[in-house]
Amino acid sequence: METLAHTPEVEETVTSLTEKELYRLCCNRWKEVCELFCRKLGFEVEEMTGKNQRFFLKKKGDNTILAYAKCFKSWNREITVGDLSGLEKRMKMMGVENGIIFTRSGFSRDALDYAKGKSFDLITVRVLLNDILKLKAEEIREIESLARKIFFLAPCCPQCRKPMIHANNQVGGFWRCSNYPRCNVTYMN
Ligand SMILES: [Zn+2]
């Protein structure tokens with residue numbers, strides 16, 4: 001009997017999540033995506049009260065990790081050696097040996113050099129997306145839908161209707177349009 005020729009399966013696209021989308025997340029959603037990713041790697045995520053950029057990652061039999069979802073994207077400011085030594089100090093204070101910084105801002109060359117041989121990981125958007133894509137299909141979809149969930153607390157720009165992004169400067173929190181530089185609407189919190 002003649003067997004049917006094998007029809008090659010069309011490779012299913014698991015996600016169309018892009019680096020650009022991850023760059024555009026508001027700070028809170030960025031942190032949520034990082035946390036969900038860590039949970040998918042088998043970590044328990046423990047919030048630090050009042051420090052909403054920091055969280056602990058715990059896994060049975062492993063050292064606790066102090067994680068930061070730190071972003072200066074709105075100011076185009078890279079993570080510096082100063083930021084990393086701040087992380088180190090806190091790790092020491094808390095008796096934690098390992099650290100991770102998830103950032104959309106990127107790292108300065110000095111910071112990358114500084115981190116070499118140290119016990120912390122520097123995770124950029126590109127690295128995160130790459131690692132997300134190594135997860136199981138349903139886990140990837142879960143992260144994708146979190147990343148794409150409308151952030152109901154974020155207002156829309158009164159001028160162009162694009163979502164506003166929450167950012168911080170020396171004076172405090174404020175909202176800026178995600179459509180920047182085409183639209184430069186900002187307003188105070
Ligand atoms: Zn706008």
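Predicted model: local features only at pLDDT ≥ 70, side-chain atom pairs only at ≥ 80, totals over all residues.
Residues are numbered from 1 along each chain as its sequence is written.

Strands β3 (residues 65–69) and β4 (residues 98–102) run parallel and are joined by five bridges; strands here are DSSP E runs of at least two residues, helices are H or I runs of at least four, and both are numbered from the N terminus. Two strands pair if DSSP finds at least two bridges between them. On to β5 (residues 120–123), which is parallel to β4 and joined to it by four bridges. There, F120 is the bridge partner of G99. Between β4 and β5 the chain passes through helix α4 (residues 109–115) in a right-handed β-α-β crossover (clockwise from the first strand over the helix to the second, with the strands pointing away from the viewer).

F102 also leads us to the core. Beyond its neighbours within four places in sequence, F102 contacts C34, A67, Y68, A69, I123 and L128 (contact: C-beta atoms, placed from the backbone, within 7 Å). The largest nonpolar core has 37 residues, and W30, A67 and F102 have the most contacts inside it. Such a core is a set of buried Ala, Val, Leu, Ile, Met, Phe, Trp, Tyr and Cys residues joined through C-beta atoms within 7 Å, buried meaning 20 or more other C-beta atoms within 10 Å of the residue's own. Helix α2 (residues 27–40) gives the largest share of this core, six residues.

Key
Buried ≥ 20, exposed ≤ 12 C-beta atoms within 10 Å, placed from the backbone. Contact = placed C-beta atoms within 7 Å.
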